[in-house]
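Here is a set of questions to work through with the model open. Try each one before reading its answer.

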Amino acid sequence: MVMAGDFRNGVTFEMDGQVFQVIEFQHVKPGKGAAFVRTKYRNVKTGSVVERSFNPNDKFESARLERRDMQYLYKDGDLYYLMDVENYEQLPFTAEVLGDAVRFLKENMVCKVVSYKGTVFGVEPPIFVELEITDCKPGVRGDTAQNATKTAVLETGASIRVPLFINQGDIVRIDTRTGEYMERA
């Protein structure tokens, strides 16, 4: 059990059959009235963020998320096949289960599969990945306003915004948490 007064960033708890993770918290003790905990938390399955105040004595069931290293093997139709690196078991997952991060998965990449009570609900690729640009328009000289960007397609099929000097065939580093271009590799 975890009490609302014990909330810290990253704490996971279960409420109303859903699993949440604390993003921000603030213990408030007004001059008049009872103390409370102002909290911003995220639903780990849907990603929605909610702000709410709790009584510090409110109790919630502690949620323990399990993260396993798995290697992405290949995509076959609508299924993504990942292999457990410990027992070499190959498991199929749909894109809905793995979430938005599947856009940056490259074959043979090791990532963390997140589950709760045996139910897989997401994948965490490495924070930074290096992928090749397979399609983008060439940059035109004199086309440079401040922070000018263009759309580029990565080898995984994902589209991102890159600076004008990036060309087809370049390898770029991407932050998978935000999906943004970081630098040329």
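The questions below concern a predicted model and take up its strands, salt bridges and pockets.

Q: Which residue is the bridge partner of Glu14 in β6?
A: Strand β2 covers residues 12-15, and strand β6 covers residues 59-62. The two pair in the antiparallel sense over 2 bridges. In β6, the partner of Glu14 is Glu61.

Q: How many residues apart in sequence are the parts tied together by Glu51 and Lys40?
A: The side chains of Glu51 and Lys40 meet in a salt bridge, at 4.0 Å from N to O. Glu51 belongs to strand β5 and Lys40 to strand β4 (residues 36-43), so the pair links parts of the chain whose separation is 11 residues.

Q: Is Glu51 buried or exposed?
A: The cut-off for exposed is over 50% relative accessible area. Glu51 has a relative accessible area of 59%. Its salt-bridge partner Lys40 counts as partly exposed, at 24%. Glu51 itself is exposed.

Q: What is the bridge partner of Asp135 in β13?
A: β12 also pairs with strand β13 (residues 149-154). That pairing is antiparallel, over 3 bridges. In β13, the partner of Asp135 is Val153.

Q: What is the N to O distance in the salt bridge of Glu130 and Arg173?
A: The side chains of Glu130 and Arg173 meet in a salt bridge. Glu130 lies in strand β12 and Arg173 in strand β15, so the pair ties together parts 43 residues apart in sequence. Glu130 is partly exposed at 37%, and Arg173 is partly exposed at 27%. The N to O distance is 2.6 Å.

Q: How many salt bridges does the count come to?
A: Side chains of opposite charge can pair when their charged atoms come close. The cut-off for a salt bridge is within 4 Å, from a side-chain nitrogen of Lys or Arg to a carboxyl oxygen of Asp or Glu. By this rule the count is 8.

Q: Which residue takes a positive phi in the hairpin of β15 and β16?
A: β15 and β16 pair in the antiparallel sense over 4 bridges. Asp175 stands opposite Glu180 in β16. The hairpin has 4 residues between the strands. The residue with a positive phi, near 75°, is Gly179.

Q: Which strand gives the largest share of the lining of the largest pocket?
A: The largest pocket has a volume of about 350 Å³. Its lining has 16 residues, and the closest to its centre are Ala101, Val123, Pro125, Thr176 and Arg177. The lining divides into 7 nonpolar, 5 polar and 4 charged residues. The largest share, 4 residues, comes from strand β11 (residues 119-124).

Q: What is the volume of the second largest pocket, and which strand gives the largest share of its lining?
A: The volume is about 270 Å³. Of the 14 lining residues, the closest to the centre are Arg42, Val44, Lys45, Phe121 and Gly122. The lining divides into 5 nonpolar, 5 polar and 4 charged residues. The largest share, 4 residues, comes from β11.

Key. Residues are numbered from 1 along each chain as its sequence is written. This is a predicted model: local features need pLDDT of at least 70, side-chain atom pairs count only at pLDDT 80 or more; totals for chains, interfaces and linings use all residues. Side-chain values use heavy atoms; hydrogens and water are left out. Two strands pair if DSSP finds at least two bridges between them. On a 1 Å grid over the protein atoms alone, a cavity is a set of points where a 1.4 Å probe fits but cannot get out, and a pocket is an open set with protein on both sides within 12 Å along at least five of seven lines; lining residues have an atom within 4 Å of a point. Grid points are joined across faces, edges and corners, and a volume is the space filled by probe spheres set on the points. Ala, Val, Leu, Ile, Met, Phe, Trp, Tyr, Cys and Pro count as nonpolar, Asp, Glu, Lys and Arg as charged, and the others, Gly among them, as polar. Buried means under 20% relative accessible area, exposed over 50%, partly exposed in between (1.4 Å probe, protein chains only).
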